[in-house]
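These are my notebook entries on one chain. I set down what I looked up, entry by entry.

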Amino acid sequence: MGFTLREVSRSSSGITRRKGQSGRAVVVECAICGAKVPRDKAVEKRRRSLRLDRNLRELLREKGAKLHGVSRILYYCISCAKHRKYI
Ligand SMILES: [Zn+2]
């Protein structure tokens with residue numbers, strides 16, 4: 001098996017920054033402090049926001065309904081992500 005563990009865990013922090021492409025990186029805003037960070041440097045978190053009551057949601061799940069939440073992607077700057085222990 002040519003599967004090495006080292007190659008998988010290369011970006012354990014969730015940050016994938018390639019220096020060659022950093023010049024034209026898309027800038028995103030940190031969800032907490034509003035700092036402008038390049039997207040490849042920011043820490044990405046997917047949040048599912050479903051505006052439903054919790055009881056209603058469980059009732060729907062019991063009936064077999066599939067719930068599609070709107071998945072938002074939030075970006076955090078390095079310091080906020082570290083502070084919240086996302087990395
Ligand atoms: Zn921040």
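Entry 1, contacts. I looked up the contacts in the chain with a separation of 6 or more, and residues 24 or more positions apart account for 61% of them. Two residues are in contact if their C-beta atoms, placed from the backbone, lie within 7 Å.

Residues are numbered from 1 along each chain as its sequence is written.

I looked up pLDDT, the predictor's confidence in each residue, from 0 to 100. The chain has a mean of 78, with 69% of its residues at 70 or more. Confidence is lowest in helix H1 (residues 5-8), at a mean of 50, and highest in H3, at 94. Where pLDDT is low, the predicted coordinates should not be read in detail.

Entry 4, elements. I find three helices and four strands in the chain, in the order α-β-β-β-α-β-α from the N terminus. Helices (H or I, at least four residues) and strands (E, at least two) are DSSP runs, numbered from the N terminus.

Of the 87 residues in the chain, 9% are buried. A residue is buried if 20 or more other C-beta atoms lie within 10 Å of its own, exposed if 12 or fewer, and partly exposed in between, with C-beta atoms placed from the backbone. Gly 64, which follows H2, has a positive phi, near 90°.

Which residues make up the largest nonpolar core? I list eight: Val 28, Val 37, Ala 42, Val 43, Tyr 75, Tyr 76, Cys 77 and Ala 81. Such a core is a set of buried Ala, Val, Leu, Ile, Met, Phe, Trp, Tyr and Cys residues joined through C-beta atoms within 7 Å. Leaving out residues up to four places away in sequence, Ala 42 touches Val 28, Val 37, Tyr 75, Tyr 76 and Cys 77.

Arg 51 is placed in the loop between strand S3 (43-49) and H2. Arg 51 counts as exposed because 6 other C-beta atoms lie within 10 Å. The C-alpha atoms of Arg 51 and Gly 69 are separated by 8.2 Å, the two residues being 18 apart along the chain. Lys 85 lies in the segment after helix H3 (78-83) and is likewise exposed, with 6 other C-beta atoms within 10 Å. Phi of Lys 85 is positive, near 60°. Most residues other than glycine have a negative phi.

Notes
This is a predicted model: local features need pLDDT of at least 70, side-chain atom pairs count only at pLDDT 80 or more; totals for chains, interfaces and linings use all residues.
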